[in-house]
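Subject: Structure handover

Hello,

Here is the structure for you to look through. Please open it first, then read the notes below.

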Amino acid sequence: MSETLANRIAAALERPVDAAVAAYAGRLGEEAGAEAVLFYGSNLRTGSLDGVLDFYVLLPGDQREAIWPRVSYREWDHAGVRLRAKIATLSLQQFAQAANGGSRDTTIWARFVQPSALVWSAHDEARSQVLAALGAAAITAAQLAAAVGPSRGTAEDFWRALFRATYQAEFRVEKPGRENAILEVNAAHFDGLLPLAWEAGGITFACHDGLYEPDLPAAERARVLQWWRRRARLGKPLNLLRLAKATTTFDGAADYAAWKLQRHTGITLEVTPFRARHPLLAAPGALFELWRKRRAQR
């Protein structure tokens with residue numbers, strides 16, 4: 001990673017957060033014996049404590065679970081405010097491997113090329129490892145953007161192509177065009193990031209009047225696309241495995257899923273007692289109800 005990209009990411013990681021968020025992250029990190037805790041999502045951008053706070057808790061040592069991350073939901077009353085959090089837990093080692101494109105995962109590098117904040121770390125070495133991982137995520141994402149994007153276009157055109165490709169490889173509840181919203185609300189974060197990530201990843205490019213033209217040789221483009229196709233084929237199966245696992249580890253999974261669905265689509269699904277107790281068994285009925293309501297929206 002280049003010094004320029006490293007400095008940019010380091011500055012972004014230090015963005016201020018609400019004291020309640022920092023306290024929650026510290027509690028999660030200390031209880032888990034973690035190396036670091038990252039905060040991300042819409043609440044990072046808005047500073048709001050409403051809804052659900054999103055944390056990644058990164059543990060020391062080897063990754064212990066084959067299907068990761070382990071996801072849970074917790075509530076904590078702090079200074080008179082009820083904080084709700086979705087917590088994804090995995091090893092820092094696995095996080096770094098996924099960020100640099102070394103695993104079959106399609107989510108980590110695409111998620112963490114977007115804004116995040118390092119709100120708690122156990123020591124300076126852990127902070128340095130997180131910084132390196134996020135730099136790798138930016139380089140990995142920018143490399144794929146060059147391969148799936150236009151031959152010539154704005155930086156937004158390339159990021160848009162990247163997010164469209166990764167969303168298509170996963171099960172998403174968001175409406176089409178979610179990639180546009182990400183770029184609009186995080187415009188300052190993405191401004192100037194693409195050329196820095198390309199330079200750090202060894203991709204040369206021309207730029208005239210705000211239009212970028214990456215010089216990606218045909219053989220290199222083919223290699224990147226082959227790398228991506230192998231991961232894209234596994235995107236949905238991995239999503240399903242993670243969802244199945246979450247039914248046994250994600251306390252309050254049905255309530256959280258219903259909240260997220262309503263927030264992103266406007267569709268309300270009732271969380272019946274059966275759905276709350278048996279989210280996996282209830283999934284076919286819930287998916288059928290979702291399908292009917294989405295058809296009615298169109």
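Ala-79 sits in the loop between β3 and β4. Strands here are DSSP runs of E with at least two residues, helices are runs of H or I with at least four, and both are numbered from the N terminus. Before going on, note that this is a predicted model: local features need pLDDT of at least 70, side-chain atom pairs count only at pLDDT 80 or more, and totals for chains, interfaces and linings use all residues. Residues are numbered from 1 along each chain as its sequence is written, and side-chain values use heavy atoms, leaving out hydrogens and water.

Back to Ala-79. Its phi is near 50°, a positive value in a residue other than glycine. Most residues other than glycine have a negative phi, and most peptide bonds are trans. Is Ala-79 buried or exposed? Ala-79 counts as exposed, at 73% relative accessibility. (Buried means under 20% relative accessible area, exposed over 50%, and partly exposed in between, with a 1.4 Å probe and protein chains only.)

Asp-209 also has a positive phi, of about 55°, although it is not a glycine. Look for Asp-209 in the loop between β6 (204-208) and β7 (211-215). Asp-209 is exposed, with a relative accessible area of 80%.

One peptide bond needs a look too. Trp-68 and Pro-69 are joined by a cis peptide bond, with omega about 0°. Pro-69 is placed in the loop between β2 and β3.

**The sheet and its helices**

Five strands make an open sheet with mixed pairing, in the order β3-β4-β2-β1-β5. The edge strands are β3 (70-78) and β5 (116-121), and each pairs on one side only. From one strand to the next, the twist averages 30°. Two strands pair if DSSP finds at least two bridges between them. Strands of a sheet pair through backbone hydrogen bonds, either parallel or antiparallel.

Take β1 (residues 36-40) and β2 (residues 53-59): they pair in the antiparallel sense over five bridges. Phe-39 stands opposite Phe-55 in β2.

Helix α2 (residues 19-32) lies across β1, β2, β3, β4 (81-91) and β5, and runs at about 125° to β3. Helix α4 (residues 92-99) packs on the sheet and touches β1, β2 and β4. The direction of α4 makes about 75° with that of β4. Contact means heavy atoms within 4.5 Å. Axes are lines fitted to C-alpha atoms, for helices over the stretch in contact, and angles run from 0 to 180 degrees between N-to-C directions.

**Aromatic pairs**

How many aromatic pairs are there? The count comes to 16. Rings of Phe, Tyr and Trp (its six-membered ring) pair if their centres lie within 6.5 Å; planes under 30 degrees apart are stacked, over 60 edge-to-face, and the rest tilted.

- Trp-109 and Trp-228 are edge-to-face, 6.0 Å centre to centre, with 80° between the planes. This pair links distant parts of the chain: Trp-109 is in helix α5 (residues 108-112) and Trp-228 in helix α11 (residues 218-249), 119 residues apart. Trp-109 is buried at 0% relative accessible area, and Trp-228 is buried at 8%.
- Trp-159 and Phe-190 have ring centres 5.2 Å apart and planes at 55°, so the pair is tilted. Trp-159 is in helix α7 (residues 155-168) and Phe-190 in helix α9 (residues 187-190), 31 residues apart.

Finally, Tyr-24, Phe-39, Phe-55 and Trp-76 form one aromatic cluster.

Best wishes
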